[in-house]
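I opened this model to look up a few points about its fold and its chain contact. My notes are below the display.

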Amino acid sequence: MSEQYAELITTFPLFEGFTANGTKRLIDAGEIKAQGAGHVLLKEGDSSDFVLLVLSGTLEVFVERGGKNLVLTEANPGAILGELAMLCGIPRSASVRAKTDSVVLEWPDEAFRTLLLRDPSLSQRILGQALRTLVEKEKSLIDSLVKAQSAGA
Amino acid sequence: MSFLNSLIKDPKYQTTEPRKPEEVGEPDVIISPDTRRENRIPPGQTRTKKWPVLDAHGAPPVDLATWRFEADGLVEQPLEFSLDEFMQLPVVKVYSDFHCVTRWSRLDNIWTGVPTREIARLAGVKPEAKFVVAAAYDYGWTTNVPIEYFLNEDSLFAFLHDGAPIPPEHGGPVRLIIPQLYAWKSAKWVKGVRFLAEDQAGFWEEGGYHMRGNPWTSGDGERFRWS
């Protein structure tokens with residue numbers, strides 16, 4: 001099973017240039033987990049002690065406010081989840097559940113940190129993508145504020 | 001004071017500007033051609049006066065009594081040497097710079113060791129060999145190098161750096177030195193080389209690092225196989 005996922009990970013843009021031997025080492029540093037639809041993988045407020053790479057299926061990132069779930073985004077194969085909170089040492093900022101039956105690669109925090117520390121190319125890629133995601137979120141926040149302001153005016 | 005002490009404790013700290021090749025003054029030293037460039041620091045690199053330590057797994061235990069160096073693959077005569085036998089081989093000195101893909105360059109190094117050309121000669125490398133994979137003592141670590149870089153006059157299996165044995169953290173007892181490529185191609189704790197007709201990705205190359213790794217080309221150097 002891990003050979004099949006090793007090949008799959010080489011097709012994800014974040015791991016461009018990896019061979020299946022290279023992605024096999026990423027798999028060996030973590031654990032592949034299948035999760036049924038509806039299963040909650042991360043819970044807002046929990047401590048951030050692992051990072052996920054989506055291998056198949058779709059995950060939903062959501063927060064619960066006033067008894068209602070507000071879906072923020074979806075994560076598809078190739079997406080990494082939970083890396084920023086783990087690197088910053090802060091609790092999970094949102095929850096994640098499987099929207100469909102899904103498979104993820106789960107790296108414990110120590111293993112993920114070691115991957116990044118040992119491999120400057122990989123850390124550059126993962127941090128670059130994480131920061132791009134943050135900048136996009138900030139942009140969309142600004143857009144929402146502008147909209148709200150024009151609606152109020 | 002503690003800062004000065006830390007400098008004194010680091011025997012590899014460079015307190016002077018790098019010599020020009022003509023100032024080296026070592027008899028019969030091979031001058032690595034990149035040291036003759038007007039600007040010796042490749043694009044995107046910064047000079048360090050220290051000698052930082054980077055590796056995939058940390059220094060492995062290497063038992064000098066059982067240490068072996070092997071050369072095989074596309075050769076007429078596979079080779080195997082003990083450390084004593086390896087030290088009896090012809091020796092050269094090379095004056096070269098050292099460029100790490102993590103963007104530091106250490107200029108002005110004198111390496112002493114067995115020329116790669118001598119290993120290739122003794123093994124009788126077949127004409128169809130176009131690539132070399134160097135293997136190291138650290139847990140199956142390898143790196144791949146085009147044979148023309150491996151056979152450069154300034155490439156060697158070094159056991160001395162600036163006249164002193166190479167410490168374990170820097171790849172001793174013997175490490176490969178290929179001055180004209182990024183330094184990850186200069187395998188620390190080298191245990192052998194295999195000559196191949198087809199290129200075969202090594203440890204970092206399997207993680208998207210460049211198959212050749214020339215610091216002087218492609219604008220910012222051949223660092224990775226991704227953009």
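Entry 1, the model. I noted before anything else that this is a predicted model.

I looked up which residues of α2(A), residues 20-28, are buried, and found Gly22(A), Thr23(A), Leu26(A) and Ile27(A). They lie on the same side of α2(A), because they cover an arc of only 145 degrees around the axis. I then checked what these buried residues pack against. The list for chain A is α1 (2-9), β1 (31-35), β8 (102-108), α4 (109-118) and α5 (120-152).

I traced an open sheet of 4 strands in chain A, with antiparallel pairing and the order β1-β8-β3-β6. β1(A) and β6(A) (80-81) stand at the edges with a single partner strand each, so one side of each has no neighbour in the sheet. I followed the pairing of β1(A) with β8(A), which is antiparallel and runs over 5 bridges. Ala34(A) has Val103(A) in β8(A) as its bridge partner.

I found α1(A) lying across β1, β3 (50-56) and β8 of chain A, at about 90 degrees to β3(A). I found α4(A) across β3 and β8 of chain A, at about 80 degrees to β8(A).

How many residues does the contact take from each chain? I read 13 from chain A and 17 from chain B. The area buried between the two chains is about 1,300 Å², and carbon and sulfur atoms give 48% of it. I counted 2 salt bridges between chain A and chain B. Arg25(A) forms a salt bridge with Glu206(B), and the closest N and O atoms are 2.8 Å apart.

Key:
Residues are numbered from 1 along each chain as its sequence is written. Chains are lettered from A and ligands numbered from 1 in the order in which they are written. This is a predicted model: local features need pLDDT of at least 70, side-chain atom pairs count only at pLDDT 80 or more; totals for chains, interfaces and linings use all residues. Side-chain values use heavy atoms; hydrogens and water are left out. Buried means under 20% relative accessible area, exposed over 50%, partly exposed in between (1.4 Å probe, protein chains only). Helices (H or I, at least four residues) and strands (E, at least two) are DSSP runs, numbered from the N terminus. The arc is that of the directions from the helix axis to the C-beta atoms. Contact means heavy atoms within 4.5 Å. Two strands pair if DSSP finds at least two bridges between them. Axes are lines fitted to C-alpha atoms, for helices over the stretch in contact, and angles run from 0 to 180 degrees between N-to-C directions. Buried area is the accessible area (1.4 Å probe) that two parts lose on being put together, summed over both. A salt bridge is a side-chain nitrogen of Lys or Arg within 4 Å of a carboxyl oxygen of Asp or Glu.
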